[in-house]
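Colleague: I am new to this structure and would like to learn how to read it. Could you take me through it feature by feature?

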Amino acid sequence: MSSLVIGMAKNKFLLNKIEQDFAPYKKILTTLGKSNPRIVVLGADLGNSTEIDEFKNRFPERFFNIGTAEANEINIAVGLAIEGEIPFVHSFGVFITRRVYEQICIQVAMQNINVKLVGTIPGLTSRLGPTHQAIDDLALMRTLPNMTVIDPADATEISQAIPLIAEHQGPVYIRMMRREVPKIFDSKKYQFQIGKAVQIQEGKDIAIITSGIMLNQALTATLKLEKKGIFPTLLHISTIKPIDKPAILKLAKKVKTIITIENHLITGSLGSTIAEIIAEKGFDITLVRMGLQNEFATPGTPDYLFKKYKLTDDNIVDKVISALKKLNNDKLKIKN
Amino acid sequence: MAKSVIELKKIARKIRVLIIKMLTEAGSGHPGGSLSIADIITALYFEIMNHDPKNPKWPQRDRFILSKGHCVPAQYAALALCGYFDEELLMTLRKFNSPLQGHPDMTRTTGLEISSGSLGQGLSVGCGMAIAGKYDQKDYRVYVAMGDGEIQEGQVWEAAMSAAHYKLDNLCAFIDYNKLQIDGKVEDIMNVSPLQSKWTAFGWNVLEIDGNNMEEILNACYKAKNTKDNPTVIIAHTTKGKGVSFMEGVVGFHGVAPTKEECEKALKELQEEVI
């Protein structure tokens, strides 16, 4: 997780090396609050942990702590949104999706109500074990009609996505990283757009598709692969829904294997969406889905968890090499 | 212009007639709870609430949320009699493509503030609207009607806590306490009493009335309007199936429409009712 990738800047959108930004969400939410009095913020007793405390201090008249009552929190947000406010609703990713699925379905998605759901500490970035690890949040939100689902990669995407989410008419779920957040994209050159994928590297035969923070490991992996003379295509998708279908179809015409990498169960989010698209169009492509397989994770540090569940840069390198060998009937020779 | 109690009682009777006709025509629906809440809905739409049928989204209007969404035929009848839509539309209840479905859908029906049908969520949404009213410095009031079975949902009590916490004196809840739910008597299924002390403990101004008595409903609403700092709950003791003798207190009429014969008998009773 702490890898420092140097030499990324062959791609114009990327910084030359990965930087760290502290609490980008806290900053952008407060900035947005200044410019738009319609922004209201709801919390569920996790003010500091979801980085909404600064908004609370600046705009106490439109900050509402609902306590540990997430169902009530969602539906109070619905009432506020119906009256024209733009509520940003917070908790950990597990509680703001899984725990309140029906409230979101019936009162938010069904009526296309303008509620913004922000789920902190996504997937294996949570140390607290399976009760606190949102490994199915993207899948749950993706099944809801009218819902937009975003899994940002870095601080730049977070800072750029939040104002767009506020402007967007309709419900949105976004996963949120807190505290030290990697900064991968150059905010002067890159512009996040809802529903747009970004191609980081163009290669042939093999494509890596990432969502969320897995871009970090995938970038390190591509640099390691480069030293071996291997250049897979790298496509990053931060909007899980609506997904950038044209970008995926364009890529699918050129490659024989797609490897998806997600900080989530392999069911219901990135890997599944890609599977649906390539199957529906009849592409003869092998799909390898990296992510949490059919299991709940254990407690542990992110470094430990990403190793345990085989989601490191080296795991990606191994998957790309074994896919290449398969394509070449095991006759491929690779530099060490 | 203020209506007399006698006029309001006539309107409530007309709403009951329409409920029976609609449900018989539809062949399905929930007569028991629609009839028990008819007087409360009449009082709200024809006397208590500021609203404008010609301008359903008038920003200053009072909001009404029917959290016990299955009793929406009573609300549809009131909306039609107010002029939100044509009375003839009532006979399309539950038919394909009708704006009037079995549970309230704000995207289909003029005059509905929210959709409901899954119980226990309306009071939370009402809290949100009441908070917005205070933040936007608008002086509209928010009314939420719940069933007695409905308040078994835990979320109702989350909402109750938050309404008192945020001092939502612009919020008024009704509990249609008709003592019956689908599986039988509320007290046998999952007892919700004592209601008075529960809501008092949650920080609400509590009024307890005969919810089928027009004078008592009106008086309670006036008291609620004049209450500062606390939200008000009106525990309205009602009779399920009120107004139709063979439906009154009969659990079987929770979710079963009257037959044609039952309809005729019910209409005869309602039309003969002496005020």
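**Reading the interface and the pocket**

Modeller: This is a predicted model. Take a salt bridge to begin with: R63(B) pairs with E83(A), and their closest N and O atoms are 2.6 Å apart.

Colleague: How many salt bridges does the rule find across the interface of chain A and chain B?

Modeller: The rule finds 2 of them there. For polar contacts between chain A and chain B, the count is 15 residue pairs, with both residues at pLDDT 80 or more.

Colleague: Which element gives the most to the side of chain A that touches chain B?

Modeller: That is α3(A), with 9 residues. At least two residues each come from β3 (63–65), α3 (70–82) and α4 (101–109) of chain A. By class, this side of chain A has 12 nonpolar, 7 polar and 7 charged residues.

Colleague: How much area do chain A and chain B bury between them?

Modeller: About 2000 Å², with 55% of it on carbon and sulfur atoms. Of the area that chain A buries against chain B, 27% is supplied by N72(A), E83(A) and Q111(A), more than by any other three residues. The contact involves 26 residues from chain A and 25 residues from chain B.

Colleague: And what about empty space?

Modeller: Rolling a probe the size of a water molecule over the atoms shows where such space is left. Here the largest pocket holds about 550 Å³.

Colleague: Which residues lie nearest the centre of the largest pocket?

Modeller: T125(A), R127(A), R178(A), E180(A) and P302(A) do, out of 20 lining residues. The lining divides into 9 nonpolar, 6 polar and 5 charged residues. Both β8 (180–185) and α10 (302–308) of chain A supply at least two residues of this lining.

Note on methods
Residues numbered from 1 in each chain as written. Chains lettered and ligands numbered in written order. Predicted model: local features only at pLDDT ≥ 70, side-chain atom pairs only at ≥ 80, totals over all residues. Heavy atoms only, no water. Contact = heavy atoms within 4.5 Å. Buried area = accessible area lost by both parts, 1.4 Å probe. Salt bridge = Lys/Arg side-chain N within 4 Å of Asp/Glu carboxyl O. Polar contact = N/O pair within 3.5 Å; in protein donor to acceptor, adjacent residues only side chain to side chain. Helix = DSSP H or I, 4+ residues; strand = E, 2+ residues; numbered from the N terminus. Nonpolar A, V, L, I, M, F, W, Y, C, P; charged D, E, K, R; others polar. 1 Å grid on protein atoms, 1.4 Å probe; cavity = no way out; pocket = protein on both sides within 12 Å on 5 of 7 lines; lining within 4 Å. Points joined across faces, edges and corners; volume = space filled by probe spheres on them.
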